[in-house]
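Here is a short briefing to read alongside the model. Please keep the sequence and the 3D view open as you go through the points.

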Amino acid sequence: FIVLMTDKNLGPAIMERENYIRLILNEHLLQADTYEQLNGLDATVTLDGLSIRAIDMLKVHKSSLTEDEWIYFQRGLSNTSRIPQFYGMPKVHKNKSPMPFRPVVSQCGSISATISTYIDAKLQPLTESIPSYIQNSFALLKKLDNIILPTGVKLFTSDATSMYTN
């Protein structure tokens with residue numbers, strides 16, 4: 001058995017490990033138009049190349065970084081040896097068979113985590129200044145509670161399909 005967190009934070013789920021692996025492979029990892037299987041050597045070369053490019057980029061732009069930012073990158077890039085991990089979170093709220101999964105790539109402790117955390121910290125203040133920015137679904141509901149719609153106006157929603165892979 002395997003214990004998984006479910007999509008939408010609906011709590012834990014327990015599945016047979018072989019069934020989970022089969023479903024993840026069929027729905028995601030065996031889809032050749034989306035994923036490419038790498039052997040160990042190719043994966044290592046790819047990750048090493050990312051590390052080299054990141055270090056080269058930092059050297060070029062060192063004068064644009066504060067001392068704290070430079071230390072952050074030195075520490076972060078020297079302590080990143082973890083290969084990102086793929087897993088799926090069951091979408092139990094969909095009530096479909098076979099159960100669909102939300103694909104997740106855990107970057108914790110990886111080269112890309114160091115870089116993306118920095119970029120996210122820099123972009124957050126800009127994002128929040130965009131007039132259409134909404135922090136989360138609760139903030140949206142709060143805004144909608146106070147809105148008066150003109151006669152004949154209707155609200156609608158849509159949902160993206162396979163946003164991760166598309």
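A residue counts as buried at under 20% relative accessible area, as exposed at over 50%, and as partly exposed in between, using a 1.4 Å probe and protein chains only. By that rule D7 is buried, with a relative accessible area of 5%. This is a predicted model, in which local features need pLDDT of at least 70 and side-chain atom pairs count only at pLDDT 80 or more, while totals for chains, interfaces and linings use all residues. Residues are numbered from 1 along each chain as its sequence is written, and side-chain values use heavy atoms, with hydrogens and water left out. Helices (H or I, at least four residues) and strands (E, at least two) are DSSP runs, numbered from the N terminus.

**Salt bridges**

- How many salt bridges does a search of the whole structure find? There are two, where a salt bridge is a side-chain nitrogen of Lys or Arg within 4 Å of a carboxyl oxygen of Asp or Glu.
- One of them pairs D7 with R102, and their closest N and O atoms are 2.6 Å apart. D7 sits in the loop between β1 (2-5) and β2 (12-15) and R102 in strand β4 (residues 101-106), so this pair ties together parts that are 95 residues apart in sequence.
- K122 forms a salt bridge with E69, with 2.7 Å between the closest N and O atoms. This pair also links distant parts of the chain, 53 residues apart: K122 belongs to helix α4 (residues 111-128) and E69 to helix α3 (residues 67-78).
- K122 is partly exposed, with a relative accessible area of 43%, while E69 is buried, at 12%.

**Helix packing**

- Two packed helices are described by the angle between their axes and the distance between the axes. Here the axes are lines fitted to C-alpha atoms, for helices over the stretch in contact, and the angles run from 0 to 180 degrees between N-to-C directions.
- Helix α2 (residues 40-60) packs with α3 at an angle of about 165 degrees, and their axes are 11 Å apart.
- On the α2 side the contact (heavy atoms within 4.5 Å) is made by A54, I55, L58 and K59, and on the α3 side by W70, F73 and L77.
- These residues divide into six nonpolar, no polar and one charged. In this scheme Ala, Val, Leu, Ile, Met, Phe, Trp, Tyr, Cys and Pro count as nonpolar, Asp, Glu, Lys and Arg as charged, and the others, Gly among them, as polar.
- How do α2 and α4 cross, and within what distance do their axes come? They cross at roughly 40 degrees, and the axes come within 10 Å. That makes α2 oblique to α4.
- From α2, L47, L50, S51 and A54 meet I111, S112 and I115 of α4. By class, this contact has five nonpolar, two polar and no charged residues.

**Backbone features**

- Most residues other than glycine have a negative phi, and most peptide bonds are trans.
- The peptide bond from S97 to P98 is cis, with omega near -5 degrees. P98 is found in the loop between β3 (85-90) and β4.
- K8 has a positive phi, near 65 degrees, and lies in the loop between β1 and β2. K8 counts as exposed, at 53% relative accessibility.
- N9 also has a positive phi, near 55 degrees, and is placed in the loop between β1 and β2. With a relative accessible area of 64%, N9 is exposed.

- Not counting residues up to four places away in sequence, H28 touches Y35, F86, F101 and P103.
- G88 lies in strand β3 and is buried, with a relative accessible area of 0%.
- With residues up to four places away in sequence again left out, G88 touches L4, Y20, I24, F101 and R102.
- The C-alpha atoms of G88 and F73 are separated by 30 Å, and the two residues are 15 residues apart along the chain.

Notes. Parallel < 35°, antiparallel > 145°, perpendicular 65-115°, else oblique.
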